[in-house]
Amino acid sequence: MREQFVSYIKNLQDQITSKLEELDGVATFKEDLWTRPEGGGGRTRVIENGAAIEKGGVNISEVHGPLAPAMQQYFKVGDVNFFACGLSLVIHPRNPYAPTVHANWRYFEMFEKDGTLVDSWFGGGQDLTPYYLFEEDAVHFHQTCKTACDAHDPDFYPHYKARCDEYFHNSHRGEARGIGGLFFDYLKATEERSMQDWYNFVTQVGDSFLDAYVPILAKRKDLAYGEKERDWQEVRRGRYVEFNLVHDKGTLFGLKTNGRIESILMSLPPHVQWRYDHHPAPGTPEAELVDVLENSREWV
């Protein structure tokens, strides 16, 4: 399963970066190969200062070694080794009318020092963070997610959509980070589903990413905007940063396992504002977005 999924994420990284470069038309991804002293490494690809993409990263990693004491306590295991691989991406468009997108698909193992497998599972998902609400974009993104889920189980989409709404939530603000999508974790073998079944599901979701996001970015990247829209985008990006640094388990896992800081924090946008007690005026498009973030909707 390790080799199968590592091969998959390498190919998917190539597909996604190639398509995004084509869509941007100006910037290209810079590749950074890195190694982790404790074991493993990764291939980070970052794009900056493009025509459509202000900053983005599409990273893969394959790391292994002794599980850190903090994570042993978290998983309630002893002194075991781990293996983790995955693809993680964040794209921050330049145009405030184009939404930020995040996605991650990963595989994790824990095993004894003699190689005996203790546990293994898949996780991941994809979610959209708009700065201005276009309902047709929300519907398109969620419909694409639902189609990928429905190919495996009609219960998957409502369940993993609800998990996404629950997870990507700035509880200290009482609002969602964005309009959600899918979030799943600890997908383990059961009597009903094998690890190969979960692999097939996770990879179908991964394969759906470009269909879910590229049409939205293509539609919004050239819309006219002004300073007001740019200011609002930067204020909302501040909330994105808050979630990633306060709540995100992936960020915290990377920091606790001596992960590569540049790859972990590539998700942060380049220009951000924090304004004291900032609230949009009632009846504005900005207020409409906040209302959706405070009150989760069913989009499909």
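I started with the secondary structure: the protein has nine helices and nine strands. By helices I mean DSSP runs of H or I with at least four residues, by strands runs of E with at least two, both numbered from the N terminus. The model is predicted, so I kept to the rule that local features need pLDDT of at least 70 and side-chain atom pairs count only at pLDDT 80 or more, while totals for chains, interfaces and linings use all residues. Residues are numbered from 1 along each chain as its sequence is written, and side-chain values use heavy atoms, with hydrogens and water left out.

**Overall shape.** The C-alpha trace spans about 60 × 40 × 40 Å along its principal axes.

**Inside and outside.** I called a residue buried under 20% relative accessible area, exposed over 50% and partly exposed in between (1.4 Å probe, protein chains only). Of the 300 residues, 54% are buried. I also checked contacts, meaning heavy atoms within 4.5 Å. Among those between residues at least 6 apart in sequence, 70% join residues at least 24 apart.

**Helix α3.** I picked α3, residues 135–150. Its 16 residues reach 22 Å from first C-alpha to last, close to the 22 Å expected at 1.5 Å a residue; the expected span is 1.5 Å times one less than the number of residues. Which residues of α3 are buried? I found Asp 137, Ala 138, Phe 141, His 142, Thr 144, Cys 145, Ala 148 and Cys 149. Seen down the axis of α3, they fall within an arc of 150°, so they line one face of the helix; the arc is that of the directions from the helix axis to the C-beta atoms. They pack against β5 (100–111), β6 (117–129), α4 (156–167), β9 (180–187) and α5 (195–220).

**Cysteines.** How many disulfides are there in the whole structure? My search found zero, with a disulfide being a pair of cysteine sulfur atoms within 2.5 Å. Cys 149 is in none, and its nearest cysteine sulfur, that of Cys 145, is 6.8 Å away. The relative accessible area of Cys 149 is 0%, and that of Cys 85, also buried, is 2%.
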